Amino acid sequence: MGAMRPQPLICVTDVEAGNDGRYHSGRLLFSVLYIGPRGREVRNQIRNRSTENAFRQWRHGTKLRSAFRATTGAASRQAVSLDREMIVRKIIHVDMDAFYASVEQRDDPQLRGKPVVVAWKGNRSVVCAASYEARAFGVRSAMPAVRAERLCPAAIFVAPDFARYRAVSKSVREIFQRHTDLIEPLSLDEAYLDVTQNKTGLPTATLVARTIRQQIHEELNLTASAGVAPNKFLAKLASDWRKPDGLFVIQPEQIDTFLVSMPVGRLPGVGKVTGDKLAKLRIQTVGDLRTLDRATLEGSFGRYGVRLHELARGVDESEVVPDRPTRSVSVEDTYEHDVLLAETEPMIRRLAEKLWSASRKEARIARTVVLKLKTSEFKILTRSHTPGSPPSSCEELTDIALKLQERVGLQPQQRFRLVGVGLSNFQDREANRSQADLFRSRE
């Protein structure tokens, strides 16, 4: 009977790569720690592996492109724990198609096939969602409703019904939960799922995604697009690739091909300012971005430069975090016509009542009250206050918000177009109780 083949447990890498991202012969060292059949440690060193593929073949064909790529870069030295990295993660990003508008079309047959805009009609209203029939005219979410009406005069405007959308979102999540408990909602209409180990025993993440989409369509009469990839960053890009009602998969060995020609503006966090700075560096595509080393990017963009370096190589180690704690809750409204500061009190009172009702659904307690105002010139002002103990009633919350109004300190003739009231600095009830006890002990 032959000797048992030792199994790799830990990979320690000492890698140097040129700025062109290629792995040069004679500059690469992999140290793989094996545990033998009787617990004896055997260390194997593989030198002069000039390609990633050679390394992957040595690792018995395990697809570790993301894990391996994380170790590249000038004089990068990392220890990679194989009990974590030997299993390539399987992440799905599910994005419901034109969610609010699709729910409206589903529930009202007369709206099907027609340009539907979910928004309150009015000069200050913004588009919450637009059906694909409306999008064909250029209508988009967050667009002023008056502009949407100009772009698509035949559009049918429907007032939002968030209670109904939340109920449908809950049904979608119940479908997710059949397959995994690792669900990270981003909003009512999209979520990340980690199906590295799924609950239904389906052999591939692609099959899990296909099954989820089928169940959503059959049970809820809605469509969803999905992206499957080894990490959250790539999965979100993939879900947008074949919208609407599409499925796109990025296998580990396809990452380079997928990314290299992509416009750099598709990377998360690359907005107008960062895009302009990259353009001055003659960076148009992700492939161009790869020509800049980490030090250069960090020098130009600070900490985000490190993130750019990773994203350009398809690296994203962020975990799918289920039930991510709430950081803040807020409500706001826009006036039909600009008002003076003194005229905002009725709106603040209404918003405080709505906010208090919403905050009762949270298991944690908010300690900070925030007042937000937007001037006629679109300048945003915020004022906040953290009392010794959290607001214990709607009346107390309202009083604090109105006191914050007194702290605005602008000219009396200044007019405002929007008011918002929010709660932040959420804490667990036990932590808040302990802090309260500490204050009492000092009295």
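Two rings of Phe, Tyr or Trp, the last taken by its six-membered ring, count as a pair if their centres lie within 6.5 Å, and by this rule the count comes to eight aromatic pairs. The legends below describe close-up views of a predicted model.

**View A. Aromatic rings around Phe-248 in strand β12.** Trp-241 and Phe-248 form a tilted aromatic pair, with 6.0 Å from centre to centre and 35° between the planes. Phe-248 also pairs with Phe-258, and this pair is likewise described as tilted, at 5.8 Å centre to centre and 35° between the planes. The pair of Phe-248 and Phe-258 links distant parts of the chain, since Phe-248 belongs to strand β12 (residues 247–249) and Phe-258 to helix α10 (residues 255–260), 10 residues apart. Phe-248 counts as buried because its relative accessibility is 13%, under the 20% limit for that class. Phe-258 is buried as well, with a relative accessible area of 11%, whereas Trp-241, at 37% relative accessibility, counts as partly exposed.

**View B. An aromatic cluster that includes Phe-99.** Phe-99, Tyr-100, Phe-162 and Tyr-165 come together in one aromatic cluster.

View C. The largest nonpolar core has 29 residues, of which Ile-92, Phe-99, Phe-176, Leu-193, Ile-216 and Leu-222 touch the most other members. At least two residues of this core are supplied by each of β5 (91–96), α4, α7 (162–177), β10 (190–194), α8 and β11 (224–229), and the largest share, six residues, comes from α8. Apart from this core lies another, of 28 residues, with Phe-233, Ala-238, Phe-248 and Ile-255 among them. When residues up to four places away in sequence are not counted, the contacts of Leu-193 include Ile-91, Ile-92, Val-94, Phe-176, Ile-212 and Val-320.

View D. Strands of a sheet pair through backbone hydrogen bonds, in either a parallel or an antiparallel sense. β5 and β11 pair in the antiparallel sense over six bridges, and within this pairing Gly-227 in β11 is the bridge partner of His-93. β11 is also joined to β12 by three bridges, and these two strands run parallel; here Ala-226 stands opposite Leu-247 in β12.

View E. Arg-213 is found in helix α8, which spans residues 205–220. Arg-213 counts as buried because its relative accessible area is 15%, and the limit for that class is under 20%. Apart from residues up to four places away in sequence, Arg-213 touches Ala-224, Ser-225, Ala-226, Asp-245, Gly-246 and Leu-247. At Ala-224, the backbone oxygen lies 2.8 Å from a polar atom of the Arg-213 side chain. Arg-213 and Val-94 are 119 residues apart in sequence, yet their C-alpha atoms are 8.5 Å apart in space.

View F. Strand β6 (residues 116–118) is joined to β8 by three bridges, and the two run parallel; Val-118 stands opposite Val-158 in β8.

View G. Gln-414 has its place in the loop between α16 (394–406) and β16 (415–427). Although it lies in a loop, Gln-414 counts as buried, because its relative accessibility is 18%. Leaving aside residues up to four places away in sequence, Gln-414 touches Val-339, Leu-340 and Leu-341, and also Thr-375, Ser-376 and Glu-377.

Terms used: Residues are numbered from 1 along each chain as its sequence is written. This is a predicted model: local features need pLDDT of at least 70, side-chain atom pairs count only at pLDDT 80 or more; totals for chains, interfaces and linings use all residues. Side-chain values use heavy atoms; hydrogens and water are left out. Two strands pair if DSSP finds at least two bridges between them. Helices (H or I, at least four residues) and strands (E, at least two) are DSSP runs, numbered from the N terminus. Buried means under 20% relative accessible area, exposed over 50%, partly exposed in between (1.4 Å probe, protein chains only). Contact means heavy atoms within 4.5 Å. A polar contact is a pair of N or O atoms within 3.5 Å; within protein, one must be able to donate a hydrogen and the other to accept it, and residues adjacent in sequence count only if both atoms are side-chain atoms. A nonpolar core is a set of buried Ala, Val, Leu, Ile, Met, Phe, Trp, Tyr and Cys residues joined through side-chain atoms within 4.5 Å. Rings of Phe, Tyr and Trp (its six-membered ring) pair if their centres lie within 6.5 Å; planes under 30 degrees apart count as stacked, over 60 as edge-to-face and the rest as tilted.
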